[in-house]
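Please read them with the structure open.

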Amino acid sequence: MRVTFLGSSAALADPDRAQSAVLITLDSGRKYLFDCGEGATRQMMRANVNPAEVGTVFLTHLHLDHIIGLPYHILMGWIFSRPDAPEVYGPKGTADFVKHSFEGGAYDVDIRARGAYPMRQKNIEAVRPKVSEKGAGVWYDDGELKVTAFPVNHIPEEICECYGFRIEAEGKVVAITSDTAPCPNIAVLGKDADLLIHECTFPQSFIDYRASTGVGTFNHTTPTQVGEVAAECGAKALVATHFGHFDTVSPAMKQAAGAHMPVDLCGPHLLDEVADDIRKTYSGPLYLAHDLMRIDL
Ligand SMILES: [Zn+2]
Ligand SMILES: [Zn+2]
């Protein structure tokens, strides 16, 4: 299988990274998308993937950086002649989000306008996604790929449930933590994973800064903790991703994000700090995600 990191950033508009989205392509050609942040569909095009062929989508949680690209992805699949309805699996709230996006919702005018043409009317089902809201447990199993979801510790659960995934296919295990602070379920979903994809939003220095300035800090995992968790899981390889823009060199980002982070400290050198912290405990193969990074398993 092929694991493609379409996006590798957190929630801000980052000129150098798209937002969370991981595409798994099996040897059979079947494609599965995990989260759909801003830029995901355009990144598919860059990765030589037709968005109309990506019709099975799993959402870990409903933070914007994991879902804002979904309406665009669905609409583009329609325009690229996807023949049938996509399937969207997500936590409670996913049905509402989807319902308000398409016919009778945010893109109603566009759908009515384009849908007036017979060619677009022919595959109108492509903008009528089948949504399945799920809790903990097996979300999906088509005989080729199985997804089991585990609650993780991120947003207060009464606002939004958040899930990490253990994905099994072709005799391999890929684990995606989603956004989370360390919690016992990570060791379960990531146990002996061939590839553990772990969030790693901020270096320690940024976490300290955000705590001191009162900027919202939903639960995340420090690089040191990422290393500890990967070692505990026995992960055969580790990807750190969901980087919170700390490596930016963009003057616009530094100007815009001054209230969110210590912009004077930002720069690619912090990726070295991240790797050093992970390496305190984890000695296996380590990748720091960048957009369009591809790992074959
Ligand atoms: Zn996120
Ligand atoms: Zn989040």
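1. Overall make-up. The protein has 11 helices and 14 strands. Its radius of gyration is 19 Å, close to the 19 Å that the globule rule gives for 297 residues, so the protein is as compact as a globular protein of that length. Keep in mind that this is a predicted model.

2. Dimensions and burial. The C-alpha trace spans about 60 × 45 × 40 Å along its principal axes. Of the 297 residues, 44% are buried. Take the contacts between residues at least 6 apart in sequence: 65% of them join residues at least 24 apart.

3. One sheet, β6 to β14. Here 7 strands form an open sheet with mixed pairing. The order is β6-β5-β4-β3-β2-β1-β14. At the edges stand β6 (130–133) and β14 (293–296); each has a single partner strand, so one side of each is left without a neighbour in the sheet. From one strand to the next, the twist averages 20°.

4. Strands β2 (residues 21–25) and β3 (residues 31–34) run antiparallel and are joined by 4 bridges. Opposite Ile 24 stands Tyr 32 in β3.

5. Helix α3. This helix (residues 70–79) is mostly covered, with 8 of its 10 residues buried. Which residues of α3 are buried? They are Leu 70, Pro 71, His 73, Ile 74, Leu 75, Met 76, Gly 77 and Trp 78. Check the backbone just after α3, where Ser 81 takes a positive phi of about 70°.

6. Another sheet, β7 to β13. Again 7 strands form an open sheet, and the pairing is mixed. The order reads β7-β8-β9-β10-β11-β12-β13. Its edge strands, β7 (137–141) and β13 (286–288), each pair on one side only. The twist averages 15° from one strand to the next.

7. Helix α11 (residues 269–279) lies across β12 and β13. It runs at about 155° to β13.

8. The antiparallel stretch. Strand β8 (residues 145–151) runs antiparallel to β9 (residues 163–169), and 7 bridges join them. Ala 149 is placed opposite Phe 165 in β9. Strands β9 and β10 also run antiparallel, with 5 bridges between them. Glu 168 has Val 173 as its bridge partner in β10.

9. The β9–β10 turn. These two strands form a hairpin with 2 residues between them. In the turn, Glu 170 has a positive phi of about 55°.

10. How many residues of β10 are buried? The count is 4 of its 5 residues (172–176), so to speak a mostly covered strand. Strands β10 and β11 pair in the parallel sense over 3 bridges. Val 174 has Leu 195 as its bridge partner in β11. The chain passes from β10 through helix α7 (residues 184–189) to β11, and this β-α-β crossover is right-handed.

Notes. Residues are numbered from 1 along each chain as its sequence is written. Chains are lettered from A and ligands numbered from 1 in the order in which they are written. This is a predicted model: local features need pLDDT of at least 70, side-chain atom pairs count only at pLDDT 80 or more; totals for chains, interfaces and linings use all residues. Two strands pair if DSSP finds at least two bridges between them. Axes are lines fitted to C-alpha atoms, for helices over the stretch in contact, and angles run from 0 to 180 degrees between N-to-C directions. Two residues are in contact if their C-beta atoms, placed from the backbone, lie within 7 Å. A residue is buried if 20 or more other C-beta atoms lie within 10 Å of its own, exposed if 12 or fewer, and partly exposed in between; C-beta atoms are placed from the backbone. A crossover is right-handed if, with the strands pointing away from the viewer, the path from the first strand over the helix to the second runs clockwise. The radius of gyration is taken over C-alpha atoms; the globule rule is 2.2 Å times the number of residues to the power 0.38.
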